[in-house]
Amino acid sequence: HRRHLLALGSLPWLTSCESPKTKPLRPWHRACHGCEHYSAPAAPTCCTRREWRAAWVATVANIDWPSKAGLSPEQQQAEIRSLCDTAARIGLNALLLQVRTSCDAFYESSLEPWSEYLTGTQGQHPGYDPLAVWLREARARGLELHAWINPYRARQSRARGPAAANHLSRRRPEWVKAYGDQLWVDPGEPAAAEVVGVDQVR
């Protein structure tokens with residue numbers, strides 16, 4: 001799965017200050033008292049912008065990290081360091097870590113259960129704080145770390161275990177709708193939109 005990181009890392013968002021090599025624009029024209037006045041166009045301004053070279057780290061269904069559910073805390077943290085090392089080596093300066101895949105969490109939360117993609121069992125503590133480790137390792141390499149959340153998905157099609165007792169689909173089943181082979185929180189429910197759209201981002 002490291003190929004996803006490498007592939008995305010090769011697609012940076014670039015900005016350029018170079019003027020396009022096209023036909024110059026016609027000088028600004030002004031008519032005044034029957035006369036025609038021309039003024040040269042203003043010289044192009046250029047500001048150097050910082051490139052944002054980032055890659056997604058997908059955690060849902062163990063796409064990128066952890067490589068599989070049930071690894072020990074030490075193994076998971078070794079994979080974190082390896083991914084951060086790779087990002088720094090290929091010249092990235094940011095990572096977007098998926099921390100909420102389906103009303104679950106990859107961090108300590110009083111609102112959501114621990115993700116099953118960590119231990120294989122939703123709600124089971126992984127034995128450490130994954131987000132804290134990601135932050136520490138990313139910062140040690142000069143990388144920004146951005147949290148990526150899926151606000152309305154309640155269950156992904158490749159989930160295997162049962163929902164934890166405190167999962168939204170069990171606490172408020174009237175908010176959750178099936179669509180295809182996945183479950184989604186209905187944003188048309190005002191209370192659901194408030195909880196998912198506001199409380200989860202705080």
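Strands are taken here as DSSP runs of E with at least two residues, and helices as runs of H or I with at least four residues, both numbered from the N terminus; two strands are said to pair if DSSP finds at least two bridges between them. The model is a predicted one, in which local features need pLDDT of at least 70 and side-chain atom pairs count only at pLDDT 80 or more, while totals for chains, interfaces and linings use all residues. Residues are numbered from 1 along each chain as its sequence is written, and side-chain values use heavy atoms, with hydrogens and water left out.

The protein contains six helices and eight strands, which follow one another along the sequence in the pattern α-β-β-β-α-β-α-α-β-β-α-β-β-α. Of its 202 residues, 36% are buried, where buried means under 20% relative accessible area, exposed means over 50%, and partly exposed covers the range in between (1.4 Å probe, protein chains only). Among contacts, defined by heavy atoms within 4.5 Å, that link residues at least 6 apart in sequence, 65% join residues at least 24 apart.

Strands β4 and β5 are part of an open sheet of three strands, which has the order β3-β4-β5 and parallel pairing. Strands β3 and β5 stand at its edges with a single partner strand each, so one side of each is left without a neighbour in the sheet. Neighbouring strands of this sheet are turned against each other by 30 degrees on average, direction ignored; axes are lines fitted to C-alpha atoms, for helices over the stretch in contact, and angles run from 0 to 180 degrees between N-to-C directions.

Another open sheet of three strands has the order β6-β8-β7, and its pairing is antiparallel. Its edge strands are β6 (153–155) and β7 (176–179), each of which pairs on one side only, and the twist from one strand to the next averages 40 degrees. Four bridges join β7 to strand β8 (residues 182–185) in the antiparallel sense, and A178 has L183 of β8 as its bridge partner. In the hairpin of β7 and β8, two residues lie between the strands, and G180 takes a positive phi near 65 degrees.

The largest nonpolar core has 25 residues, of which V57, W65, I80, C84, L95 and W134 touch the most other members. A nonpolar core is a set of buried Ala, Val, Leu, Ile, Met, Phe, Trp, Tyr and Cys residues joined through side-chain atoms within 4.5 Å. A second, separate core of eight residues includes L168, V176, A192 and V196. C84 counts as buried because its relative accessibility is 0%, and C103 is likewise buried, with a relative accessible area of 0%. The structure holds zero disulfides, a disulfide being a pair of cysteine sulfur atoms within 2.5 Å.

Helix α4 has P130, V133, W134, E137 and A138 as its buried residues. Seen down the axis of α4, these residues fall within an arc of 125 degrees, so they line one face of the helix; the arc is that of the directions from the helix axis to the C-beta atoms. An α-helix has 3.6 residues a turn, so residues three or four places apart point the same way. The elements that cover the buried residues of α4 include β3, α2, β4, α3 and β5 (144–149), whereas R139 and A140, on the other side of α4, are exposed.

In the loop between α3 and α4 lies G123, which is partly exposed, with a relative accessible area of 37%. Residues up to four places away in sequence not counted, G123 touches P113, W114 and A164. G123 and A165 are 42 residues apart in sequence, and their C-alpha atoms are 8.1 Å apart in space.
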